Amino acid sequence: MTQSYDAIILGAGAAGLFCAATAGQRGRRVLLVDYADRVGNKILISGGGRCNFTNVDAAHDRYISANPHFARSALGRYTAADFVALVDRYRIKWHEKTLGQLFCDGSARQIVDMLLEECAIGGVEIALGRPVHEVTHDGNFRVTIGDRIVTAPALVIATGGPSIPKIGATDFAYRLARQFGLKLVEPRPALVPLTLGPDEALFRDLAGVAAPVIARGDGPGFAEAALFTHRGLSGPAILQASSYWRHGQPVAIDFTGGRGADWLIEAKRINPRASATKTLATALPGRLAEALAERLALPGNLADQSDKALRHAGQRLAEWQFRPNGTEGYAKAEVAVGGISTAELSQKTMESRKVPGLYAIGEAVDVTGWLGGYNFQWAWASGWATGQSL
Ligand code: FDA
């Protein structure tokens, strides 16, 4: 028997759950479908189990997209403050960790439970644990889930991106978009550790060392910690820069802590008898200071060096060029950059212009946030925008 709904939402992650609750509470008959056995798997592992559920600074300029203005409308209509008000209504305790990032005091489970309760209030039917075999469209959308056929005039793609396949992430959203003739912006792993080749062996010996830096791919600089790993570079500053990095490009790291290229010249005036290693170690971990000084080849005291040599060394320190040979891929990426092209979608409702009734929300869309709660805020905002229009 075929059952019909007002809307079928594929993917019971952050965006799908929130969209379903929003539409359900507006009186729509909603079926929320996921092939996993439980909802919100990524929410549950997010933020180290505490879910960094939003960022108070969420605005469109903190998102990467072929159309940098696309996210402005949805983010402006459903804000971080709106989501915090919901979290407060459920008496979920939270704290700001750093840089506007809001985390649960307790556990990410609380956010999933809240979303499930919001869905229950909206009378949302949830179908879990069965694969989506087929989606067709003949005016209505017709979806085969396991041995069941369901139809609706509206279908929402909310199956996320391909990062962390071991918890069930797939490229289903992209495949479905292609089936309906929607364009994709070539996806690639983002918020991902970068790998270094054999020529950077000196730095791979520093595995486990973390330092405050400013890291930059082909975009803004991020002043946070970088971490040297056995395979290359990680830590929040590097993850952020990775979203703007492309194969073949360098990543520039400022090791001067904002002191700039004149750091060593000024240090020479203050303490001419200090070595380069000792000077660098005033701001950086000892092992890193040694490795950098070795590369800079500044023997003896600072007083033994000309200002020209120190300025040249300072310039290298302020813009140290690493040439990653790759990333750790979707297995380690928090998100994907790219996805369903925003050129195909209404920025107000996320509805496809080409296929009326077809919507795409959350990470499936070519809108990728910075690290720190921005991606969940996009999931809530885009889910809300669609939920309002179903
Ligand atoms: P999401 O991935 O949440 O949901 C997609 C759903 O679709 C899943 O339930 C999946 O099972 C389902 N699905 C997939 N394929 C399917 C198919 N073929 N058929 C049916 N269902 C299918 N962001 C943030 O803002 N703060 C944070 O703290 C973190 N932390 C974090 C940690 C880790 C380890 C990762 C990997 C990611 C984060 N993120 C994050 C990013 C955040 O998790 C991500 O941006 C959102 O979950 C995206 O929400 P969506 O609903 O779009 O996809």
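Analyst: Here it is; note that the model is predicted. One convention before the site: Ala, Val, Leu, Ile, Met, Phe, Trp, Tyr, Cys and Pro count as nonpolar, Asp, Glu, Lys and Arg as charged, and the others, Gly among them, as polar.

User: Fine. How do the residues of the shell around the ligand divide?

Analyst: The shell has 12 nonpolar, 12 polar and 4 charged residues. In total 28 residues surround the ligand, and the closest are Ala 15, Asp 34, Thr 170, Glu 363 and Phe 376.

User: Which helices supply at least two residues of the shell?

Analyst: Helix H1 (14-25), helix H2 (41-45) and helix H13 (374-389) each do. H13 gives the largest share, 3 residues.

User: And which backbone atoms lie by an oxygen atom of the ligand?

Analyst: Ala 14 has a backbone N or O atom 3.1 Å from a ligand oxygen. For Asn 375 the corresponding distance is 3.4 Å, and for a polar backbone atom of Gly 373 it is 3.5 Å.

User: How much of the ligand does the protein bury?

Analyst: The protein buries 93% of the 990 Å² that the ligand exposes when taken alone.

User: New topic. At what angle do H11 and H12 pack?

Analyst: Helix H11 (residues 286-296) and helix H12 (residues 307-318) pack at about 130°, and their axes are 11 Å apart. That angle is why H11 counts as oblique to H12.

User: Is the crossing left-handed or right-handed?

Analyst: H11 passes H12 in a right-handed crossing.

Technical notes
Residues numbered from 1 in each chain as written. Predicted model: local features only at pLDDT ≥ 70, side-chain atom pairs only at ≥ 80, totals over all residues. Heavy atoms only, no water. Near = heavy atom within 4 Å. Polar contact = N/O pair within 3.5 Å; in protein donor to acceptor, adjacent residues only side chain to side chain. Areas by Shrake-Rupley, 256 points an atom, 1.4 Å probe, with all protein chains shown as cover. Helix = DSSP H or I, 4+ residues; strand = E, 2+ residues; numbered from the N terminus. Axes fitted to C-alpha atoms, helices over the stretch in contact; angles between N-to-C directions. Parallel < 35°, antiparallel > 145°, perpendicular 65-115°, else oblique. Left-handed = near helix turned anticlockwise from the far one by under 90°.
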